[in-house]
Amino acid sequence: MLNFGIIGTGNIARQFAFGVSQSSRCRLAGVASRTAESAAGFAASYKIPVALAGYDALLARADIDAVYISLPNTMHHEWTIKALRAGKHVLCEKPLGANAREAAEMFAAARESRRVLVEAFMYRAHPLTHAVVAAVRSGAIGQVKLIRSSFCYCSRKIDGNIRFAPELAGGSLMDIGCYCISFSHLIAGEAPCSCQAAGHLHPSGVDDVATATLAFPSGIVASFTCGMTVHADNSAYVCGDEGYIEIPVPWKPPAQDAVFHICRNTPPRQDAPQAATAPAAPPRETRTVSAGKDLYAVEADAFAAVVLDGAASFMPEDHTMATMRTLDELRLQLGIRV
Ligand SMILES: NC(=O)c1ccc[n+]([C@@H]2O[C@H](COP(=O)([O-])OP(=O)(O)OC[C@H]3O[C@@H](n4cnc5c(N)ncnc54)[C@H](OP(=O)(O)O)[C@@H]3O)[C@@H](O)[C@H]2O)c1
């Protein structure tokens with residue numbers, strides 16, 4: 001069993017704590033907040049035995065093996081390195097740091113401390129993602145040429161929202177575009193070699209809508225859209241020369257019956273003479289994948305396997321670093337300081 005301590009009691013910490021309650025390999029041993037009240041309330045909600053005021057107090061405890069860091073993006077670097085140096089393994093929320101330089105320093109600290117550090121891209125641990133990768137690698141859609149994805153939401157709460165705070169390294173690319181970049185890298189099987197961004201800056205100074213293209217050395221291209229003030233389909237497509245794969249819910253797959261569709265023949269050309277009527281939909285094969293437990297329980301179990309069994313990480317260092325470098329470059333193109 002891996003004894004987890006949680007640092008920060010915000011939105012995602014609650015989802016993670018719920019998930020760990022379904023984990024077969026982790027248990028929650030402590031929680032730390034800036035305030036004693038928040039730590040106590042959180043601990044009561046999730047039946048955590050130890051509630052602490054101040055994050056250092058959690059790192060000082062010998063009964064905590066691993067720390068989950070769910071702080072604003074600019075605080076990941078400081079608290080991950082402190083936790084690693086205190087001998088804890090770290091599962092740190094995405095994006096790993098405020099920029100690629102910070103992320104590199106965090107991995108260097110992990111190596112020096114001989115502890116595990118994984119960026120918490122939970123969708124990468126889910127069997128749906130593994131099944132999509134296996135289908136692509138098996139040649140189900142021929143040679144991959146194009147990857148398209150989107151991750152958007154329309155936020156009404158701006159004041160006090162860490163995502164709209166430039167001083168906390170907010171913005172849509174950092175918050176959700178990072179999913180699309182890491183997914184494209186996973187499917188392409190290599191890091192992007194160039195990228196181009198277009199975006200819109202919110203009055204707060206962060207990018208609230210962004211779109212980007214990525215090119216990969218093999219010739220694969222990817223495009224994605226992310227936004228915090230816009231609705232979109234939040235799906236992903238992997239397109240090959242013999243068909244395409246549609247993943248309707250790629251980022252937060254359900255515990256049961258997560259699906260993806262393999263469409264092996266594309267519709268007839270729209271400019272063909274017989275295309276006066278709408279083209280027939282391509283034949284679809286639907287594959288269903290069930291994790292049997294909450295997404296964050298899957299993530300916690302996968303992290304435990306890395307720590308306890310020496311399993312390969314679901315988000316390897318080179319993937320995190322490539323994502324961080326791409327985020328830096330895209331944000332610089334939008335005029336954002338990184
Ligand atoms: N993987 C996912 O599914 C997912 C989903 C959402 C967010 N995230 C990531 O998780 C991290 C936290 O996001 P969140 O949505 O949980 O944010 P949140 O609800 O605002 O929570 C952040 C927590 O950080 C602590 N904190 C310390 N200093 C702070 C400051 N100056 N301003 C605000 N909070 C401060 C607070 O906890 P205390 O008061 O207890 O100290 C706060 O509750 C981000 O890196 C985000 O990208 C990941």
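Colleague: With which residue does Lys 293 form a salt bridge?
Modeller: A salt bridge is a side-chain nitrogen of Lys or Arg within 4 Å of a carboxyl oxygen of Asp or Glu. For Lys 293 the closest N and O atoms are 2.7 Å apart. The carboxyl partner of Lys 293 is Asp 301.

Colleague: What kind of model is this?
Modeller: Residues are numbered from 1 along each chain as its sequence is written, and side-chain values use heavy atoms, with hydrogens and water left out. Local features need pLDDT of at least 70, side-chain atom pairs count only at pLDDT 80 or more, and totals for chains, interfaces and linings use all residues, for this is a predicted model.

Colleague: Is Asp 301 buried or exposed?
Modeller: Buried means under 20% relative accessible area, exposed over 50%, and partly exposed in between, with a 1.4 Å probe and protein chains only. Asp 301 has a relative accessible area of 13%, so this residue is buried.

Colleague: Which side chain does Ser 23 join in a polar contact of 2.5 Å?
Modeller: Ser 23 lies in the loop between helix H1 (11–20) and strand E2 (26–33); helices (H or I, at least four residues) and strands (E, at least two) are DSSP runs, numbered from the N terminus. A polar contact is a pair of N or O atoms within 3.5 Å; within protein, one must be able to donate a hydrogen and the other to accept it, and residues adjacent in sequence count only if both atoms are side-chain atoms. A polar atom of the Ser 23 side chain also lies 2.9 Å from the backbone nitrogen of Cys 26. The side chain that Ser 23 joins at 2.5 Å belongs to Asp 301.

Colleague: Is Ser 23 buried or exposed?
Modeller: Leaving aside its neighbours within four places in sequence, Ser 23 is in contact (heavy atoms within 4.5 Å) with Ala 297, Ala 300 and Asp 301. Its relative accessible area is 11%, so Ser 23 is buried.

Colleague: In which strand is Arg 284, the partner of Glu 246?
Modeller: Glu 246 and Arg 284 form a salt bridge whose closest N and O atoms are 3.0 Å apart. The pair links distant parts of the chain, 38 residues apart. Glu 246 counts as buried because its relative accessibility is 14%, whereas Arg 284, at 44%, is partly exposed. Glu 246 sits in strand E12 (residues 243–247), and Arg 284 in strand E14 (residues 284–289).

Colleague: How many residues has the largest nonpolar core?
Modeller: A nonpolar core is a set of buried Ala, Val, Leu, Ile, Met, Phe, Trp, Tyr and Cys residues joined through side-chain atoms within 4.5 Å. In the largest one, Phe 4, Ile 245 and Phe 303 have the most contacts inside the core, whose residues number 111.

Colleague: Which helix gives the largest share of this core?
Modeller: The core draws at least three residues from each of domain 1 (2–120) and domain 2 (123–333), with bounds that come from an automatic or database domain assignment. The largest share is 11 residues, from residues 172–188, which form helix H7.

Colleague: Is Ile 176 buried or exposed?
Modeller: Ile 176 has its place in helix H7. Leaving aside neighbours within four places in sequence, its contacts are Phe 151, Cys 152, Tyr 153, Cys 226, Gly 227 and Met 228. With a relative accessible area of 3%, Ile 176 is therefore buried.

Colleague: What area is buried between domain 1 and domain 2?
Modeller: Buried area is the accessible area (1.4 Å probe) that two parts lose on being put together, summed over both. The C-alpha centres of the two domains lie 26 Å apart, and the contact takes 36 residues from domain 1 and 35 residues from domain 2. Carbon and sulfur atoms give 65% of the buried area, which is about 2900 Å².
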